[in-house]
Amino acid sequence: MTAGRYREGWLPDKFSGVASCPAVNLSRVRPRRAGVAASGCVSGQDRRWNHNIHYYPLVLAAVPPGCQRVLDVGCGEGMLARQLAHRVPSVVGIDQDTVSIELARRQGSGGQIEFVRGDFLTHPFPPASFGLITCVAALHHMDAAAALARMSQLLASGGTLVIVGVARSRLPGLPWDAAAVIANLGHRVTKGYWQHPSPAIWPPPHTCRQIRALAGETLPGVRYRRHLLWRYSLVWVKSAS
Ligand SMILES: C[S@@+](CC[C@H](N)C(=O)[O-])C[C@H]1O[C@@H](n2cnc3c(N)ncnc32)[C@H](O)[C@@H]1O
């Protein structure tokens, strides 16, 4: 089920009957270019808000002390990468969408951030080369098991992985979803809503429960949290052994 102008996480869950762990259906990918000004760049970025940006502080708070190099997976037009660049000396953002990467490069921050156009699953990053890997609203675009395994492989010992993801509720109409709709309206009235220009997928292929189980198998000791605005987070520190 799709809607051309669908926004991730805006609708309450109505898709609990979808089979478990299906491969990503590319017919559900919708490139979104709204929010890109005529110049091709977004403007007024400091005050932008949406369900992904709302959880950037959670990601920034998890930056390990002394982290030297971070990879943002599915970086879109690079807003999180630019914020990470204030805390980490070397930032790499990767996205397979050409328009998103071009926008990111145009807004880049003085050579401190490298934006790579490519598929995270196959791009030849050296193993154990990042002290932090972040991924916001992109895991559900990929084969999640393969992506988690790749993140684990690319993370240095003692490094931190932070994922903010989009997944379905198991049952429709939960009180949780009702609360989310109310909270969402409050945020939108006070902050507006910035429609990011990158491809989006709805419905996400996994339920929160499935993601939690999958992450538990791949990332021993991972901390899973469910958040109000249709997001969950995973935080994992790779053992130093
Ligand atoms: C919904 S957008 C999220 C963008 C951004 N992280 C944010 O916080 O808004 C998901 C992004 O993941 C990217 N993506 C999906 N699969 C990818 C892959 N295998 N490798 C790199 N990027 C990918 C898409 O092109 C898209 O820009």
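User: Is Ala-128 buried, exposed or partly exposed?
Analyst: Ala-128 counts as partly exposed, because it has 14 C-beta neighbours inside 10 Å. The cut-offs are 20 or more other C-beta atoms within 10 Å for buried, 12 or fewer for exposed, and partly exposed in between, with C-beta atoms placed from the backbone. This is a predicted model, in which local features need pLDDT of at least 70, side-chain atom pairs count only at pLDDT 80 or more, and totals for chains, interfaces and linings use all residues. Residues are numbered from 1 along each chain as its sequence is written.

User: Where is Ala-128, and what is its phi?
Analyst: Ala-128 sits in the loop between β4 (113-117) and β5. Its phi is near 55 degrees, a positive value in a residue other than glycine. Most residues other than glycine have a negative phi, and most peptide bonds are trans.

User: What about Trp-230, buried or exposed?
Analyst: Trp-230 is buried, since 27 other C-beta atoms lie within 10 Å. Its phi is also positive, near 55 degrees, and its place is the loop between β8 (223-227) and β9 (231-237).

User: Which residues does the cis peptide bond join?
Analyst: Trp-202 and Pro-203, with omega at about -5 degrees. Pro-203 is in the loop between β7 (200-201) and α6.

User: Back up a bit. How many helices and strands are there?
Analyst: The chain has six helices and nine strands. These are DSSP runs numbered from the N terminus: helices are H or I with at least four residues, strands are E with at least two. Buried residues make up 39% of the 241 residues.

User: Which residues of α4 are buried?
Analyst: In α4 (residues 144-154) they are Ala-144, Ala-147, Leu-148, Arg-150, Met-151 and Leu-154. Down the axis of α4 they fall within an arc of 160 degrees, so they line one face of the helix. The arc is that of the directions from the helix axis to the C-beta atoms.

User: What covers them?
Analyst: The cover includes β2 (69-73), β5 (130-136), β6 (155-165) and α6 (208-218). It is based on contacts, meaning C-beta atoms, placed from the backbone, that lie within 7 Å.

User: And α6, which of its residues are buried?
Analyst: Cys-208, Ile-211 and Ala-215 are buried in α6. They cover an arc of only 60 degrees around the axis, which puts them on the same side of α6. Among the elements covering them are α4, β6, β8 and β9.

User: Now the strands. How many residues of β6 are buried?
Analyst: Eight of the eleven residues of β6 are buried, so the strand is mostly covered. β5 and β6 pair in the parallel sense over six bridges; strands pair if DSSP finds at least two bridges between them. Val-136 stands opposite Val-164 in β6.

User: Why is β3 described as largely enclosed?
Analyst: Because five of the six residues of β3 are buried. β3 pairs with β2 in the parallel sense over five bridges, and Leu-71 stands opposite Val-92 in β3.

User: Which residues touch the most other members of the largest nonpolar core?
Analyst: Leu-71, Ala-81, Val-91, Ile-133, Val-136 and Leu-161, out of 52 residues in that core. A nonpolar core is a set of buried Ala, Val, Leu, Ile, Met, Phe, Trp, Tyr and Cys residues joined through C-beta atoms within 7 Å.

User: What is Ala-81 in contact with?
Analyst: Leaving aside neighbours within four places in sequence, Ala-81 is in contact with Asp-72, Cys-75, Val-91, Gly-93, Ala-104 and Ile-113. Ile-113 is also 7.0 Å from Ala-85, C-alpha to C-alpha, although those two are 28 residues apart in sequence.

User: Last topic. How many residues surround the ligand?
Analyst: There are 22, and the closest are Gly-74, Gly-76, Asp-97, His-141 and Ser-198. A residue counts if its C-beta atom, placed from the backbone, lies within 6 Å of the molecule.

User: How does that shell split by class?
Analyst: Eleven residues are nonpolar, eight polar and three charged. Ala, Val, Leu, Ile, Met, Phe, Trp, Tyr, Cys and Pro count as nonpolar, Asp, Glu, Lys and Arg as charged, and the others, Gly among them, as polar.

Note on methods
Contact = placed C-beta atoms within 7 Å.
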